[in-house]
Every structure is written in C-alpha cells, then in structure tokens.
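Here's a quick tour of one protein chain, from the overall picture down to a few individual residues. Have the fold open as you read.

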Amino acid sequence: MRRYILLLIALLPFVVSAQIPAIVSLGKEASKQKGVEYDSVGSVMLGMAQTFSNKEQRETFKMLSNIEMIECKNIDYAPILTSRVMAIVRNVGATFIASQDDGKALNELYGVKRGDIITELIILVKSHKGGVAVVAMSGEIPTNRLAEIAKIKR
C-alpha cells in the first residue's frame, strides 16, 4: 500500500498540471461578459470524439486530455481577455512556440514543455476584426506532431 501512495505522490505533479486552472477560471469569468462564450471538453467527450472521428484524427485525440475554449466577439472586452491570457502564459512558464497569420487572424502558440512533449498548449487567436479566441489544450503532445492539432475542427 505504501508503494502505491508513493507512486501517487510521484504522479501528482502530472495529474494536477493536466489543465491550467487559471484558464478555467478566466473562461467562467469571461463568459459573464456579453459576446463571450466558454466551453470545456474533458476526457469523456474527447473519448467520444475519438470514437467517431476519422482514422487519421483518432491518434490526435489520444494525445489530448482536456480542451478549454473561450471565444470573444466583444471588441471592448477582447484587449482585457488578451492581457489576462498573456499574464497566465507568463505565470505558468509557457514559452512562445510559433505564430501564423492566415489573413483573417494572427494565431500565437505558447506551450509548457517537458522535454520534447508539450503538456499545455495555449493558442491565442487575434482576429483582424477585433475579436479574440483562446484554446488551451492539455495532454501529451510531441512537438513533432503539432501540425495535427491545427487540423482539429471545432
């Protein structure tokens, strides 16, 4: 029994950091604003998505344990949301990974890494029209498989 308790204590940092609580709190708080929606997708829903997705995306869903999504169409609140997300990025020690402008929005990726594995991925989407979206994904994402994440449809 003592061995199992020690194993649990050893795994606790990975279990606790399976999602960023500050993003969850921000999503709940932000959703009280007009024009802001917050969704959370846990392991059960991801398992269902994995079951019903095409063969190529099943492996992608296996990498994820949780997804938090905040969509803000409120142009007045968007700068506040952006600054709060960036404060969370700094507080959790996430590093800048990449950015891409697709002509409609600037997508910025930040991640918390453990070696070549990203345990937390935060995507900040800044629309050229003023809106903002935040997607935070938890799991075990190898850096060489990041391109697969971009193919996930909401």
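## The chain at a glance

Of the 154 residues in the protein chain, 38% are buried, where buried means under 20% relative accessible area, exposed over 50%, and partly exposed in between (1.4 Å probe, protein chains only). This is a predicted model, so local features need pLDDT of at least 70 and side-chain atom pairs count only at pLDDT 80 or more, while totals for chains, interfaces and linings use all residues. Residues are numbered from 1 along each chain as its sequence is written, and side-chain values use heavy atoms, leaving out hydrogens and water.

Six helices and six strands make up the secondary structure; these are DSSP runs numbered from the N terminus (helices H or I, at least four residues; strands E, at least two). Reading from the N terminus, the order is α-α-β-α-α-β-α-β-β-β-β-α. Contacts (heavy atoms within 4.5 Å) also tell us something: among those between residues at least 6 apart in sequence, 58% join residues at least 24 apart.

## The sheet

The six strands form an open, antiparallel sheet in the order β1-β2-β6-β5-β4-β3, with pairing taken to mean at least two DSSP bridges between two strands. β1 and β3 are the edge strands, each pairing on one side only. On average, neighbouring strands are turned by 15° against each other, direction ignored. For angles in general, axes are lines fitted to C-alpha atoms (for helices, over the stretch in contact), and the values run from 0 to 180 degrees between N-to-C directions.

β2 and β6 run antiparallel and are joined by eight bridges, with Cys72 partnered by Val132 in β6. Over on β4 (residues 105–114), seven of the 10 residues are buried, so this strand is largely enclosed by the rest of the structure. β4 is joined to β3 (residues 95–101) by six bridges and to β5 by 10, antiparallel in both cases.

## Two hairpins

The β3–β4 hairpin has three residues between its strands, and Gly103 there has a positive phi near 95°. Asp101 sits opposite Leu106 in β4.

In the β4–β5 hairpin, there are two residues between the strands, and Gly115 takes a positive phi near 70°. Arg114 has Ile117 in β5 as its bridge partner.

## Helices on the sheet

Helix α2 (residues 21–30) has Ile23, Val24, Leu26, Gly27 and Ala30 as its buried residues. Viewed down the axis, they fall within an arc of 165°, so they line one face of the helix; the arc is that of the directions from the helix axis to the C-beta atoms. Pro21 and Lys28 are exposed on the face turned away from that buried side. The cover over the buried residues includes β1 (36–41), β2 (64–72), α5 (78–91) and β6 (132–142).

α5 lies across β2, β4, β5 and β6, and runs at about 160° to β5.

## Two loop residues

Asn74 is in the loop between β2 and α5 and is buried, at 17% relative accessible area. Its side chain reaches the backbone nitrogen of Tyr77 at 3.1 Å. Neighbours within four places in sequence aside, Asn74 is in contact with Lys34, Gly35 and Val36.

Lys129, in the loop between β5 (117–127) and β6, is exposed, with a relative accessible area of 75%. The C-alpha atoms of Lys129 and Ala105 are 8.2 Å apart, with 24 residues separating the two along the chain.

Technical notes
Polar contact = N/O pair within 3.5 Å; in protein donor to acceptor, adjacent residues only side chain to side chain.
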